Amino acid sequence: MTDFRVRRARTSDIPAIAALVEPLVQSGILLGKERVVLYESVQEFRIAEGEDGEVIGCGALHVMWEDLGEVRTLAAAPEWLRRGVGHAILDVLEGDARELGLSRLFCLTFEVPFFERHGFEDMGTETVDPAVYAELVRSRDDGVAEFLDLARVKPNTLGNTRMLKQLR
């Protein structure tokens with residue numbers, strides 16, 4: 001039995017999400033997001049909360065294309081690491097992806113072993129069909145640029161691994 005639960009994020013959770021991810025942003029593990037961007041994307045987030053209601057983890061699913069989504073901002077509070085929080089959030093996000101009809105999930109991460117345990121693989125230089133690429137390249141979203149491996153995001157993503165999972 002777990003002593004936390006995963007649920008949809010609410011706007012009232014945004015300050016806690018920001019506080020949770022800020023140390024990871026400062027250490028270069030996660031890309032920073034302005035508070036307004038977190039509010040704009042609150043519907044993409046799931047949070048884990050302890051029995052006392054404290055936000056102990058978060059993660060988001062961002063739809064990039066008709067069959068492709070990105071796992072973003074997956075984090076757990078330091079005292080909750082290795083207690084299944086990240087796994088539980090990722091499992092829920094994968095369920096959300098399937099419910100939306102997505103067949104592939106992308107992530108950009110330093111945590112390669114964690115994502116490999118969930119079936120993600122290093123995607124190397126793989127991108128997408130040229131017609132889809134032409135559409136995606138129009139996006140101003142940094143996650144899409146990361147997926148396409150565009151030079152404009154390279155300074156912020158050096159050392160990260162682009163990973164992909166085929167959903168069944």
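The model is predicted.

Start with the chain as a whole. It has 168 residues, and 47% of them count as buried. Its accessible surface comes to about 9100 Å². Carbon and sulfur atoms account for 51% of that surface. The secondary structure consists of seven helices and seven strands. Along the sequence they follow the pattern β-α-α-β-β-β-α-β-α-β-α-α-α-β.

Now turn to the sheet. Seven strands form an open sheet in the order S1-S2-S3-S4-S5-S7-S6, and the pairing is mixed. Strand S1 (4–8) and strand S6 (121–122) are the edges, each pairing on one side only. S6 pairs with strand S7 (residues 161–166) in the antiparallel sense, over two bridges. Asp122 has Met163 of S7 as its bridge partner.

Helices lie across these strands. H3 lies across S1, S2, S3, S4, S5 and S7, and runs at about 30° to S3.

The largest nonpolar core has 37 residues. Cys58, Val71, Val85, Phe115 and Phe120 have the most contacts inside it. Elements giving two or more residues to this core include helix H1 (14–26), strand S3 (55–65) and helix H3 (85–100). Another core, of six residues, lies apart from it, with Met64, Leu68, Met123 and Leu164 among them.

Look closely at Cys58. Beyond its neighbours within four places in sequence, Cys58 contacts residues including Ile17, Leu20, Phe45, Ile47, Leu74 and Ile89. Among contacts between residues at least 6 apart in sequence, 68% join residues at least 24 apart.

Technical notes
Residues numbered from 1 in each chain as written. Predicted model: local features only at pLDDT ≥ 70, side-chain atom pairs only at ≥ 80, totals over all residues. Heavy atoms only, no water. Helix = DSSP H or I, 4+ residues; strand = E, 2+ residues; numbered from the N terminus. Buried < 20%, exposed > 50% of the residue type's maximum accessible area, 1.4 Å probe, protein only. Contact = heavy atoms within 4.5 Å. Areas by Shrake-Rupley, 256 points an atom, 1.4 Å probe, with all protein chains shown as cover. Core = buried A, V, L, I, M, F, W, Y, C linked by side-chain atoms within 4.5 Å. Pairing = 2+ DSSP bridges. Axes fitted to C-alpha atoms, helices over the stretch in contact; angles between N-to-C directions.
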